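The report below concerns a predicted model. Please read it with the sequence and the structure at hand.

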Amino acid sequence: MAGEVVAHAAEAAHHGVDLVPIVALLAAGTLAVPIFKRLGLGAVLGYLAAGLLLGPSGLGLIGDPASMLAAAELGVVLFLFIIGLEMEPSKLWALRRQIFGLGIIQVGICGALLTGVGILLGFAPAVAFVFGMGFVLTSTAIVMQILSERGELATESGQKMVSVLLLEDLAIVPLLALVALLAPSGADETLLGRLIGIGIALGAILLLIFLGRKIMNPFFGILARARVREVMTAGALLVVLGAALLFEVSGLSMAMGAFLAGVLLSTSSFRHQMEADVEPFRGLLLGLFFLAVGMSLDLAVVGQNWQIIAMSVVAYMLVKGVAIYIIARMLKSGHGEALERAVLMGQGGEFAFVLYTTAASAGLIDAPTNAIFTATVIISMVLTPFAIIGMRYLMPKRVESMEGIETANGLSGRVLIIGFGRFGQIASQPLLALRYSVSIIDNDTEMVRAAAQIGFKVYYGDGTRLDILHAAGADKANLILVCTDKKEQTSRIVQLLRDEFPLARVMARAFDRVHAIELVQAGVAHQQRELLESAISFGGEAIRQLGVDEQLIEEVVEGVRDRDRQRFELQLNGDDWRTGGQLLISNAQEQAREGGVTISEENAKRAVTQTQGS
């Protein structure tokens, strides 16, 4: 079957564009990724599995994954450019100790240990060095993608991993130089030639910095004045790919060039426009990169050398992961953070392919050895999502620090407020203004600390627990305000209060209309939908901005409140929610004419006249 498809593809190629591989790639990505994410395995593993299926080791629809991998590396380039846009120079400077401190320590120690592992596996010292240092270069694409999906790029732990990745990108330059020295032909290269190569690399960095500071912003200003969207998109791609090309011809990493270009443009007024223009290409090409990595896994090579590859994968991932964990712990990181870094960064990466290919071209390693090294790195990348799943069972449960936190015990305020988020803070103000004694509890320690910094006394306590309600003085309070933001939590607290403190007057924050009905049926004295009054006030301000006078604004706003109350009463009495539809003022003219309750025609005309005159 696969042979027929390939034959059909070859025949189609004679008649024009061969769409079979393109359609296959798109189908594989759009089907595999949602399935794998639904199974909790992540998008990266979905792409890798789809690539393996389409590649030479699977259906064989893609015959040359190496060329596709080279093109797909542009996805990594664009990804690093977007990361650079988020890294203003001041932020990057603040990370200098992590980049050149933590980064050098991790790369140096892991490189030495993995070289030793390679020697123990039977490789010559020079070959073991290349194998180990290639594996040290973590997959920027995988780690960045996972951190981005989890929203952890800006966290302290995420910033440390980003710093190490940046140092590893920089490390590819001296590593390539070392490969040239270790190669049999390395002696032919003179010291002058090596110095010239270093000078060219430094010149490329300085040139890009100059262009970024002096040329790029005016350049985008000219493009913006043209007011043609596709020109801005082309300009953004030109900058990214131009920076990548400049660094590539200078012997540096393409991804590093794109990252530096992003950093230089991070303070530009066109930053958000460029990010929006590049993002679609980044997503597609990064997905294509993972597909190409999956295709590159040659199962025939794995089958022929499965013993050495299996030992290499286990030994290298284990030694690298343990080393990263120990380094993190020695540098004062917690157990959970160290474990997460070890698992996320325990695999090899895409820059290893560059290093191994260069070593093979220089004659330092032969083709079968290159295939073994490459397969080891790819398998480690494939195993990483599974390792992350396993990590969830090993991660310690988060224990909140109670330092400086007082728990609710023996409180006796006339009013008890449960939940002190945005809603509870504002609701407390009228009570405090009239000097009522108010007790406040919240189950978020960060909120308790933040409230203390602005002068509030908030006690730690979970309102869904009966013992906490007793300790917070629910049996003594004249009024209890349930201001929690999760409706299930609010409903649970209200039910406890109804069952255990039936005489207490309870007011509750409702999530929506349906939740409000549930709360009324549960016996609250008053419920308030969290967005109702703010939305009505917002609408009133809108017609004020259009020039309507204050008297008419009050009439309209009160009319909206009255219609909402009528609809709520209908629903509370069990009528279908559609029954109250006639009480809504619709933008459909037919329904507006038929609606039973609205403002008078005279006032409506007066409002339009005022608006037109304003």
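## Strand pairing and the sheet

Ile417 finds its bridge partner in strand 2, where that partner is Ile440. The pairing that joins strand 1, residues 415-418, to strand 2, residues 438-442, runs in the parallel sense and extends over four bridges.

These two strands belong to an open sheet of six strands, whose order is 3-2-1-4-5-6 and whose pairing is parallel. At its edges lie strand 3 (459-460) and strand 6 (526-529), each of which pairs on one side only.

## Packing of helix 6 against helix 16

Helix 6, which spans residues 96-120, packs with helix 16, which spans residues 306-330, at an angle of about 145°, and their axes are 10 Å apart. The crossing of helix 6 and helix 16 is right-handed.

On the side of helix 6, the contact is made by Leu102, Ile105, Gln106, Ile109, Cys110, Leu113, Leu114, Val117 and Gly118, while helix 16 contributes Ala315, Tyr316, Val319, Lys320, Ala323, Ile324 and Ile327. Sorted by class, the residues in the contact of helix 6 with helix 16 comprise 13 nonpolar, two polar and one charged.

## The chain as a whole

In this predicted model, the secondary structure of the protein chain amounts to 28 helices and six strands. The protein chain has 614 residues, of which 45% count as buried, and its accessible surface comes to about 31200 Å², with 62% of that area belonging to carbon and sulfur atoms.

Among the contacts in the protein chain with a separation of 6 or more, 72% are accounted for by residues 24 or more positions apart.

Methods
Residues numbered from 1 in each chain as written. Predicted model: local features only at pLDDT ≥ 70, side-chain atom pairs only at ≥ 80, totals over all residues. Heavy atoms only, no water. Buried < 20%, exposed > 50% of the residue type's maximum accessible area, 1.4 Å probe, protein only. Contact = heavy atoms within 4.5 Å. Areas by Shrake-Rupley, 256 points an atom, 1.4 Å probe, with all protein chains shown as cover. Axes fitted to C-alpha atoms, helices over the stretch in contact; angles between N-to-C directions. Left-handed = near helix turned anticlockwise from the far one by under 90°. Nonpolar A, V, L, I, M, F, W, Y, C, P; charged D, E, K, R; others polar. Pairing = 2+ DSSP bridges.
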